[in-house]
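Subject: Handover of a structure, with notes

Dear colleague,

Please find below the structure that I am passing on to you. My notes on it follow directly after.

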Amino acid sequence: MPVLPDYDSPLALKAFLDEYDMAMQKKFGQNFLVNRSIRERLVDALDICEGTTVWEVGPGLGAMTDEILSRKASLVAFEIDRGFCGVLRDIFSDKDFTLIEGDVLKNWKPAIEKYGIPSRLFGNLPYNIAAAIIGDMIAEGIRFESVVITVQKEVAQRMAAKPGTEDYSSFSVFCQWAYNVTTIMDLAGGCFWPKPNVTSRAVRMTKKDNWPQCRSPAIFMSLLRGLFSSRRKTVRNNFLAWLNASGYLAEGADADAVSRKMLSDAGIDPGIRAEELALADFLKLSDMVAPA
């Protein structure tokens, strides 16, 4: 059985990989957090205790896994690297640890069916994974009590951006629809091995108690993307283009007249841009499109 590597030492981690004939794979965006105090702070932010159910995405060789399990949480981990999976099974075989091998985007729904919705989600995620898993789960009505993820700083800025700012996007609106988003800390490249060429940011997302509802999450998500599709265009132009492409117009309806009326009824100035709208504006407009 493999012995826990020294997670604070790049040299020790490299030796461990060599010993078990494994290599880092760029396509999976693998980087190990080699700063113990930061690992502890991130798990502190997760706010877990004995029996807390946690999902971890991309445990790698188990540095964060070990920290989470040391606090007696019940952990389900998703890992796509087969070599790492073999090591993780051996290292944590005596813990409350379940490993799901493969792509989390393909496996999270079956995992929900089998294990239920956990209380916490944790991971160091590439942008495409972060956006897809959070977006897909919210669209399905699935939220966690708390999410602590580390992403590229620019992604974190979009997640927490406010209306009227450069970083405000459809992803900002979507995240803030379901969660309160706060920054935990920034992590320089030197905190990781191999050292990435970007600064990362850890964010915490806590479930909103009063989740603003909409008639159709699918329409809401589609509308958001449509209104932000051409940032230089006005709300009216993007909304009109989205209506024409969406299939939600009644046959023979005048898209231009419909778009003008809906924007007027929603109290939205057709001449502004999407980044100037608040969450409530998007929800109101979405409900006007969605069937009653």
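Which residues do ring pairs link into a cluster? The cluster consists of F174, W177, W211 and F220. Please bear in mind throughout that this is a predicted model.

**Overall picture**

The protein has twelve helices and nine strands. Its C-alpha trace spans about 70 × 40 × 30 Å along the principal axes. Of its 292 residues, 49% are buried. Among the contacts with a separation of 6 or more, 66% are between residues 24 or more positions apart.

**Helix α8**

Two members of the ring cluster, F174 and W177, are also found among the buried residues of α8.

**Aromatic pairs**

In total, 14 aromatic pairs were counted. One of them is formed by W55 and F78, whose rings are edge-to-face, at 4.9 Å centre to centre and with 70 degrees between the planes. W55 belongs to strand β2 (residues 53–57) and F78 to strand β3 (residues 74–79), so this pair ties together parts that are 23 residues apart in sequence. Both partners lie under the 20% limit for burial: W55 counts as buried at 2% relative accessibility, and F78 is buried with a relative accessible area of 2%.

A further pair is that of Y168 and F228. Their ring centres are 5.9 Å apart and their planes stand at 75 degrees, so this pair is edge-to-face. Distant parts of the chain are linked here, 60 residues apart: Y168 sits in the loop between α7 (153–160) and α8 (170–178), and F228 in the loop between α9 (217–227) and α10 (235–246). Y168 and F228 are both buried.

**Helices α10 and α11**

How do α10 and α11 pack, and at what angle? Helix α10 packs against helix α11 (residues 255–265) at an angle of about 125 degrees, and the two axes are 9 Å apart. Angles of 65 to 115 degrees would count as roughly perpendicular and those over 145 as roughly antiparallel, so α10 is oblique to α11. Their crossing is right-handed. On the side of α10, the contact is made by V235, R236, F239, L240, L243 and N244; on the side of α11, by A255, D256, V258, S259, R260, M262 and L263. Sorted by class, this contact of α10 with α11 has eight nonpolar, two polar and three charged residues.

**Residue F84**

Is F84 buried or exposed? With a relative accessibility of 1%, F84 counts as buried. F84 is placed in helix α4 (residues 82–91). Leaving aside residues up to four places away in sequence, F84 touches L17, M22, M24, Q30, F32, G60, L61 and E79.

With kind regards

Key:
Residues numbered from 1 in each chain as written. Predicted model: local features only at pLDDT ≥ 70, side-chain atom pairs only at ≥ 80, totals over all residues. Heavy atoms only, no water. Helix = DSSP H or I, 4+ residues; strand = E, 2+ residues; numbered from the N terminus. Buried < 20%, exposed > 50% of the residue type's maximum accessible area, 1.4 Å probe, protein only. Contact = heavy atoms within 4.5 Å. Phe/Tyr/Trp six-rings, centres within 6.5 Å; stacked < 30°, edge-to-face > 60°. Axes fitted to C-alpha atoms, helices over the stretch in contact; angles between N-to-C directions. Parallel < 35°, antiparallel > 145°, perpendicular 65-115°, else oblique. Left-handed = near helix turned anticlockwise from the far one by under 90°. Nonpolar A, V, L, I, M, F, W, Y, C, P; charged D, E, K, R; others polar.
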